[in-house]
Amino acid sequence: HTRSSCDWSSDVCSSDLKRTPPFILPKNPEETGLFTPENLQMKVAIAQLKPKLGELKENLEKIVEVALKARDLKAQVCFFPELSLTGYNLQDLTHEVAIELEDPFFSPVIELSREIAVGIGFVEKEKRGLFFNSYSVFKDGDVIALHRKVYLPTYGMFDEGRFFAQGDRFDTFEVNGVKTSILICEDAWHFSSVYLAWLKGAEFILSPSASPVRGFRSAMPDNL
């Protein structure tokens, strides 16, 4: 469960994450690593942004700025939305904004991750020429997690299947001692995704999301 503290005038909402036992207990819970000291906590900052479509440099500067706010709030981790580096509704821009995970462009985030772990969504250019809707977590000057979105919505307003390759796995990683799994937006709509993460011992599910919108007849809310 979490205890949240939000300042809606800023970009950051922080929560204290505590472990609670799963509803379905395994036969040998001590073998899963799920049961650990109850006083183990992680302070998480959830950052809500409105990135500019295709403007990587400007969006990265905003990400660093907000992550520094989260650090000052004593958060240990700051998570940003799906495709927070690029904006969501990219379509033909997808190939132009794609970037390899090893690109020096990420240097400011890697350096900042020595003070606070940071999770970012971006378009990943894979060495074989494939493009993924990806999410990475940086910590202690390194990349500790990479998830490629598995379920790509391609219906109605959504067109991801035309521009992205499909991921093929759900993994777990540890951040501040908490075993975590990433499910990007539509991934979390499928029970099998959560179940696979649970089978790998996930205690915390991170589900960054983004979406196009329609149907608003008045000014868009500032925090959408």
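**Group meeting: a walk through the model**

Let me start at Glu-174, which belongs to strand S8, residues 172–175. Before going on, please note that this is a predicted model. Glu-174 has a relative accessible area of 53%, so it counts as exposed, the cut-off being over 50%. Leaving aside residues up to four places away in sequence, Glu-174 touches Ile-144 and Lys-179. Ala-202 is 28 residues from Glu-174 along the sequence, and the two C-alpha atoms are 9.1 Å apart.

Asn-176 sits between S8 and strand S9, residues 178–182. Its phi is near 50 degrees, which is a positive value in a residue other than glycine. Most residues other than glycine have a negative phi. Asn-176 is partly exposed, at a relative accessible area of 25%.

Lys-74 also has a positive phi, near 70 degrees. Where is Lys-74? In the loop between H1 and strand S4, the latter being residues 77–79. Lys-74 is exposed, with 64% relative accessibility.

Now the inside. The largest nonpolar core holds 35 residues, and the ones that touch the most other members are Cys-78, Phe-80, Leu-85, Val-118, Ile-120 and Val-123. At least two residues of this core come from each of strand S3 (41–47), helix H1 (56–72), helix H3 (107–112), strand S5 (117–125) and strand S6 (131–139). Which element supplies the largest share? That is H1, with seven residues. Apart from this core lies another one of 16 residues, including Val-77, Val-178, Ile-182 and Cys-185.

Back to Val-123 for a moment. Not counting residues up to four places away in sequence, its contacts include Leu-83, Leu-90, Val-97, Ile-99, Phe-131, Phe-132 and Phe-164. Phe-132 has a charge over its ring as well: the charged end of Arg-148 is 4.4 Å from the ring centre.

That brings me to the aromatic rings. There are eight aromatic pairs by the rule used here. One of them is Tyr-88 with Phe-158, whose ring centres are 6.5 Å apart and whose planes are at 80 degrees, so the pair is edge-to-face. This pair links distant parts of the chain, 70 residues apart. Tyr-88 is in the loop between S4 and helix H2 (94–97), and Phe-158 is in the loop between strand S7 (142–148) and helix H4 (160–163). Are these two residues buried or exposed? Both Tyr-88 and Phe-158 are buried.

Last item: Phe-105, Phe-106, Phe-122 and Phe-138 are linked into a cluster by ring pairs.

Notes: Residues numbered from 1 in each chain as written. Predicted model: local features only at pLDDT ≥ 70, side-chain atom pairs only at ≥ 80, totals over all residues. Heavy atoms only, no water. Helix = DSSP H or I, 4+ residues; strand = E, 2+ residues; numbered from the N terminus. Buried < 20%, exposed > 50% of the residue type's maximum accessible area, 1.4 Å probe, protein only. Contact = heavy atoms within 4.5 Å. Core = buried A, V, L, I, M, F, W, Y, C linked by side-chain atoms within 4.5 Å. Phe/Tyr/Trp six-rings, centres within 6.5 Å; stacked < 30°, edge-to-face > 60°. Lys NZ or Arg CZ within 6 Å of the ring centre and 35° of its normal.
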